[in-house]
Amino acid sequence: MQDTSPTFWHRLSQWFTGLFHKQTPFDPQEKDGVWYQVIKPGLVRVGISAMATDDIGTISFLDFSTDETAITTGDDLVELEGEKAVETLKSPVTGQIINRNSTLISQPELVNQHQPKENWLVEVQVS
């Protein structure tokens, strides 16, 4: 069986291309339960993937893992509690968190609606 997953260089090339070319309204990359999309050069928006919300079930609790603004790929990003599982999702990017969607803390059920323009988690100035 041949590995058909994109190579590191292919993914890196796509990421750089996305920085300099206008993307479709919602054309994210996904990694380990989160989606991320370049919304303008150097700024990435991160949210919970539909697959993760399906695996976790209806989300009843959401909290950001840290108040720190500096984040590295693989750092804890958000803690979720749902009807099927409890999960901590990791950051797919490295940079400075410049905005958190704090509405989701008081209304975690919004995450299950899969509306990425409203239900994103954080915006990160990538480094």
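## A buried serine in a loop

The structure is a predicted model, and in it Ser 91 sits in the loop that links β7 (86-90) to β8 (95-100).

What surrounds Ser 91, once its neighbours within four places in sequence are set aside? Its contacts are Ile 71, Thr 72, Thr 73, Gly 74, Asp 75 and Leu 77.

## The chain as a whole

Stepping back, the chain has three helices and nine strands. Followed along the sequence, these elements come in the order α-β-β-β-α-β-β-β-β-β-α-β.

The chain has 127 residues, and 36% of them are buried. Its accessible surface is about 7,800 Å², with 51% of that belonging to carbon and sulfur atoms. If you take the contacts between residues at least 6 apart in sequence, 50% of them connect residues at least 24 apart.

## The largest nonpolar core

Now for the inside. The largest nonpolar core contains 25 residues, and the members touching the most others are Val 46, Ile 48, Leu 62, Leu 80, Leu 121 and Val 122. Two or more residues each come from β2 (34-40), β3 (43-48), α2 (50-56), β4 (59-64), β6 (76-82) and β9 (120-126). Which element supplies the largest share of this core? That is β9, with four residues.

Not counting residues up to four places away in sequence, Leu 121 touches Val 46, Gly 47, Ile 48, Leu 62, Phe 64, Leu 77, Val 78, Asn 99, Arg 100, Asn 101 and Leu 104. Leu 77, in that list, is also among the contacts of Ser 91.

## One cavity

How many cavities of 30 Å³ or more does the structure hold? There is one, and the volume of the largest cavity is about 30 Å³. Its lining is made up of Phe 64, Ser 65, Thr 66, Ile 71, Asp 76, Leu 77, Ile 97, Arg 100 and Val 122. The elements giving two or more residues to this lining are β6 and β8.

Definitions and conventions: Residues numbered from 1 in each chain as written. Predicted model: local features only at pLDDT ≥ 70, side-chain atom pairs only at ≥ 80, totals over all residues. Heavy atoms only, no water. Core = buried A, V, L, I, M, F, W, Y, C linked by side-chain atoms within 4.5 Å. Buried < 20%, exposed > 50% of the residue type's maximum accessible area, 1.4 Å probe, protein only. Contact = heavy atoms within 4.5 Å. Areas by Shrake-Rupley, 256 points an atom, 1.4 Å probe, with all protein chains shown as cover. 1 Å grid on protein atoms, 1.4 Å probe; cavity = no way out; pocket = protein on both sides within 12 Å on 5 of 7 lines; lining within 4 Å. Points joined across faces, edges and corners; volume = space filled by probe spheres on them.
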